[in-house]
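Let's take a walk through this one together. Have the viewer open and follow along.

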Amino acid sequence: MTFLRTKHRTTRPATAGLRTAALVALPVLALAVGCGGDDGGSSTKKDDAIADVPRTPSAGATKDAGGPSAPPAAKSAFYDAQMKYVQCMRAKGGYKDFPDPTLSGYLDWDKVNEIGSQPGRNEGIKGGRNGACVTELRAAMAAEPERDEQKAYESMLAHAKCMRDNGVSRFTNPTMSGGNAQPGGDPNPASPVIDSNSSTYKKAREACRSKLLDGLDGMQ
């Protein structure tokens, strides 16, 4: 399923389905894992993934010349902060294979979740081992562009329907709470009933990927 607040946004998984939430105890973050029949699971939600991160953002970041180039101008500050976080995760966080962010600045949650689902590699997948990169993570969250919550809700609603249409029958719809879109997914995240490792779930995720707006893949 990618790759957790300073700003309340709807934003895995702690396993192959680390998602929703953007996916965990930092030490303080955890990625939710799905489990159940051949009925795919929810992804770790980003809000869940970053809920316990200290709220005071740290200073901004600088872009590494060796990283991906040409991020969209409107999101360059976010991209730079995210890239600094990625570099920290590789150098100090214990994940030398942590993936580059996309050009829009969002983490590639499919790759992050794949790494975190490997034996012994879930702890620290958000914020680095022993919280080595928590400061950089907070800076990236603080730099994330504001999202249109109504559009986010509509996108996640279309995605949830697509997931059900593709065999993940228990995948729930998102909701709106206080003007903020809350991701759908597994009906019982605390005790998952959807198996995010099943072939049905994986096929549905692939088929429905285009339904989610940029950056929402780490939410549901």
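Contact here means heavy atoms within 4.5 Å. With that in hand, look at Tyr95: setting aside neighbours within four places in sequence, Tyr95 is in contact with Met89, Arg90, Ile115, Arg121, Asn122, Glu123, Gly124, Ile125 and Arg129.

Before going further, keep in mind that this is a predicted model. The mean pLDDT of the protein chain is 75, with 66% of the residues at 70 or more. Where does pLDDT stay under 50? That happens over residues 1–74, although the model still has 331 contacts beyond four places in sequence for them. Where pLDDT is low, the predicted coordinates should not be read in detail. Among the elements, helix α1 (residues 46–50) has the lowest mean pLDDT, 41, while helix α5 (residues 149–165) has the highest, 98.

Now the overall layout. The protein chain has six helices and two strands, and along the sequence they run α-α-α-α-α-β-β-α. Of its 220 residues, 53% are buried. The chain exposes about 9000 Å², and carbon and sulfur atoms supply 51% of that.

What about the largest nonpolar core? It has 16 residues, and the ones touching the most other members are Tyr85, Met89, Tyr95, Phe98, Leu107, Val112 and Ile125. Elements giving two or more residues to this core are α2, α3 (109–116) and α4, with α2 providing the largest share, six residues. Apart from this core lies another, of nine residues, among them Ala160, Ile194, Ala204 and Cys208.

Finally, the aromatics: how many aromatic pairs does a search of the whole structure find? The search turns up two. In one, the ring centres of Phe78 and Tyr106 sit 5.0 Å apart with planes at 70°, so the pair is edge-to-face. Phe78 belongs to helix α2 and Tyr106 to the loop between α2 and α3, so this pair ties together parts 28 residues apart in sequence. Phe78 and Tyr106 are both buried. The rings of Tyr85 and Phe98 have centres 5.8 Å apart and planes at 80°, so that pair is edge-to-face. Tyr85 lies in helix α2 and Phe98 in the loop between α2 and α3, so the pair ties together parts that are 13 residues apart in sequence. Tyr85 counts as buried because its relative accessibility is 0%, and Phe98 counts as buried at 1%.

Methods. Residues are numbered from 1 along each chain as its sequence is written. This is a predicted model: local features need pLDDT of at least 70, side-chain atom pairs count only at pLDDT 80 or more; totals for chains, interfaces and linings use all residues. Side-chain values use heavy atoms; hydrogens and water are left out. Helices (H or I, at least four residues) and strands (E, at least two) are DSSP runs, numbered from the N terminus. Buried means under 20% relative accessible area, exposed over 50%, partly exposed in between (1.4 Å probe, protein chains only). Accessible areas come from the Shrake-Rupley method with a 1.4 Å probe; for residues, only the protein chains shown count as cover. A nonpolar core is a set of buried Ala, Val, Leu, Ile, Met, Phe, Trp, Tyr and Cys residues joined through side-chain atoms within 4.5 Å. pLDDT is the predictor's confidence in each residue, from 0 to 100. Rings of Phe, Tyr and Trp (its six-membered ring) pair if their centres lie within 6.5 Å; planes under 30 degrees apart count as stacked, over 60 as edge-to-face and the rest as tilted.
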